[in-house]
Amino acid sequence: MGLTDSSWKKNTAGSLPDALTRFWGRNQRTLIAYLMVLPAFLLFMGLVIFPLFDGFWISLHRWDGLSEMEWLGFKNYKFVFGDEVFWLGMRNTFQFAFGVTIVKNVAGLFLAVLLNQSVKGRTFFRTAAFMPVTISFVVLGILWSWIFNPTFGLLNNMLSALGLDFLIRGWLSDPKIALWSVMWVDIWKWTGFHMVLFLAGLQNIPTDLYEAAAIDGAGRWQSFWRITVPLLKSVTIVSVLMSILGAFVSNYDVVKVMTGGGPFHATEVALTWIVSTTFRFSNVGKANAMSIILFLCAAVFGIVQLIVTTRRDED
Amino acid sequence: MRKVTFSLMIFVIVGALLAGCAGGSTPTPASTEAPSGASTEAPADTTPATTPEVASADGEGCVLHILGGARTYPGEEEAWNQVFADFKAQYNCDVQARWQGEWSDAPQNLESARMAQEPVDITYNSATLNTTMARSGVLMDITELVKPYQDRFATGMLEKYTLGGKVWAIPVSDSSTSAFFYNATMFEELGLEEPKTYADLVSVAQAIKEQKNILPLIHQGKEPWYWPMWFFETYAQTTGNKSIDMIQQFLSGQRQFTSPEEIAALEDVARFYQDGIMTQESLDTDADSMRATFLQQKAAMFYGGTWELAPLREANPSFEIGVFEFPLMTDAAGVVSQHGGGPDNAWSIPSFIDPANLPMAAQFLEFITRQENATRIISTYSPMIPSIKGVPTVDDPLATEFNEQFMPNTITFLDWLWPNEVNDAVMQAIPAVLTGNMTAEEGATTVQDALDTIREESEYQFDWWTTWTDEDWAKVTPASIPTIEVK
């Protein structure tokens, strides 16, 4: 550049620290922010992003988890598309996710409206409704397995005592109803959580709207549909999307504890089959391919949630 | 811009939720080198030379690491600790055991340890896992290490862990067989005889229902592992007591699971449900519920393995229990009732053991098969049929009956031969056929499909050892055989 070594050194001597100081001065706030974020970013990259890409890499191999990996390209994805149990599991996963979402939100809203009134023992009932949220799925699964037990179970014995023997079922062994029984436990656990969301939303609705509606001659039912439901729209969207996404990717433990995916795969969900494929069948590559497919499906819900929530923020 | 960043974050978070489900462990460097130059038998030149590498009595700084599932029998962990202490006293070598997870977690725990470079010198094995683990190359061929004391094992025990003529594990356990267990007091009260044939069993079940209004039989059908046991019994009869041969033919591709014998065996299992011996309750009953139902006299019989006896005795020592063999379901001449069984707790040396620890690991395997040490461990299982000679059986009249009457007709559990995928198909098909949700032909087809699938996807081969190259064998064969003390 027309500068000799010595002249360059002369011209730049002492200027680098100055430049750094100036750079720091100009960007101090931004740099501190990045530094603060850095530890979490590194952890996130190491514990989340890397395993995700590693999972994709493994999905391109035949690997039993013990011996050396063998390159397969996208063959594992072809195998997954031909795996009937996986697609049955996907269907059950969708049924589980949408079924529990509808019931949890309707029941949660119902309880929230009920317990938003001035009723005696309101705090007790709110606490009682929320209690199952605090219990782990493993504990709940065992508890409900005993309730559903065909010989000693509370449910069948109660039905028998009430003379309702025609309703007695193999709640977890009849393939037609087993998945619904498992879904019921998820509903029972999470309804209280959605009730709290709706309660928070209800308490943000100004009471004078109801008073004005009453003056205009609106009944309770009309007020509910014309005031409560529209003003709970944002809470409802969040609640619904949270429950869909949650039910989609976290149904493993309850199914595992209660039925293990049986009887004859009737309650198999994608996650239980992925775990079986990994650990029981030692087909780690194919299991990773399944995980990637499930991830892509779940990502759709995540993107919908993102679009809806950001639009709501902008509104 | 914020929107895009947020989008990416959500995408990544969803990915994070799923990443953990994928068993995303760090792979070993991929090697696409497929076994080639297949030989039809294990190469003779892989037998290592014996070296004077004696497990020294002065093992200064020596530590042996054992990896196994959580001990489940009362007093078993204490028994192991005592054996460790005695080993330390004799060979000056500490033994550190990590009892972790269930028995079936052994392969993944071993692999995790290997990838984390944690030392493992002895690992738990089970006949159900042995084929998978040996085929993957994670176990050491211990044939030569065991030779000096192989006569300590009861007849046929070591063979259960021998594949391709090589020993992969040593069983230090109780061996099992399968039987119908019944409430002896109730049978006596009702004047019922032990059924010999299926027709007898139907009559007995009918009498129990009529006179006691309880379940004739309860099965732990919620535990899918136990469904194939029914098939092992019926299949032994429909094949004229050639079930092992025929399953080996099936696994080798010389036979279809949709053959008449397999379909007939599935239909025979379904008869237990159709004839009211087994009921809907059995489909949703786990092990604890089954025992409780039996002990509370809500069911008169159950079918299971000899391992069921110890928990029953512990729960109610005075309960009178009788046993009878699986009833004969055929009139075919010469066919006898055969039961699945075998020793299911075994110990192996990983192929990736630190070579410096091999002499002491080999010595430890020898140590635990000495009669006094084996007795200490196996006695906690209330043994009926110990895998080591000289270990006393439990003081139970049924132990004699099992040894004398059942053991001569006990054959290897078929799920020790077939891979997990096939086992899963069988365990799903049986209750489906039982309840009429699937025909026997459809059930058999799902099993055949399961085998065809793993042939394509995992290149499954029953006699995998015939395709191993010298290089493959070298990875699992000790470089030299240490001389150990055999007492």
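Predicted model: local features only at pLDDT ≥ 70, side-chain atom pairs only at ≥ 80, totals over all residues.
Q: How do helix 2 and helix 14 of chain B pack, and at what angle?
A: Two packed helices are described by the angle between their axes and the distance between the axes. Here, helix 2 (residues 76-91) and helix 14 (residues 371-378) of chain B pack at about 155°, with axes 8 Å apart. That makes helix 2 of chain B roughly antiparallel to helix 14 of chain B (angles over 145 degrees count as roughly antiparallel). Helix 2 of chain B also passes helix 14 of chain B in a left-handed crossing (the near helix is turned anticlockwise from the far one by less than a right angle).

Q: Is B:Glu421 buried or exposed?
A: Buried means under 20% relative accessible area, exposed over 50%, and partly exposed in between, with a 1.4 Å probe and protein chains only. B:Glu421 sits in helix 16 (residues 420-434) of chain B, and it counts as buried because its relative accessibility is 14%.

Q: Which residues of chain A make a nonpolar surface patch?
A: Patch members have over 30% relative accessible area and no salt bridge, and nonpolar side chains are joined within 5 Å. A salt bridge would be a side-chain nitrogen of Lys or Arg within 4 Å of a carboxyl oxygen of Asp or Glu. This patch covers about 870 Å², and its residues include A:Trp24, A:Ile32, A:Phe41 and A:Met45. A:Phe41 belongs to helix 2 (residues 15-59) of chain A and is partly exposed, at 42%.

Q: What is phi at B:Asn213 and B:Asn241?
A: Most residues other than glycine have a negative phi, and most peptide bonds are trans. B:Asn213 has a positive phi, near 55°; it's in the loop between helix 7 (198-212) and strand 10 (215-218) of chain B, and it's exposed at 69%. For B:Asn241, phi is positive too, near 65°, and the residue is partly exposed at 21%.

Q: Where is A:Pro263?
A: Look in the loop between helix 12 (252-258) and helix 13 (270-280) of chain A. The peptide bond from A:Gly262 to A:Pro263 is cis, with omega near -5°.

Notes: Residues numbered from 1 in each chain as written. Chains lettered and ligands numbered in written order. Heavy atoms only, no water. Patch = residues over 30% accessible without salt bridge, like charges linked within 9 Å, V, L, I, M, F, W, Y side chains within 5 Å. Areas by Shrake-Rupley, 256 points an atom, 1.4 Å probe, with all protein chains shown as cover. Helix = DSSP H or I, 4+ residues; strand = E, 2+ residues; numbered from the N terminus. Axes fitted to C-alpha atoms, helices over the stretch in contact; angles between N-to-C directions. Parallel < 35°, antiparallel > 145°, perpendicular 65-115°, else oblique.
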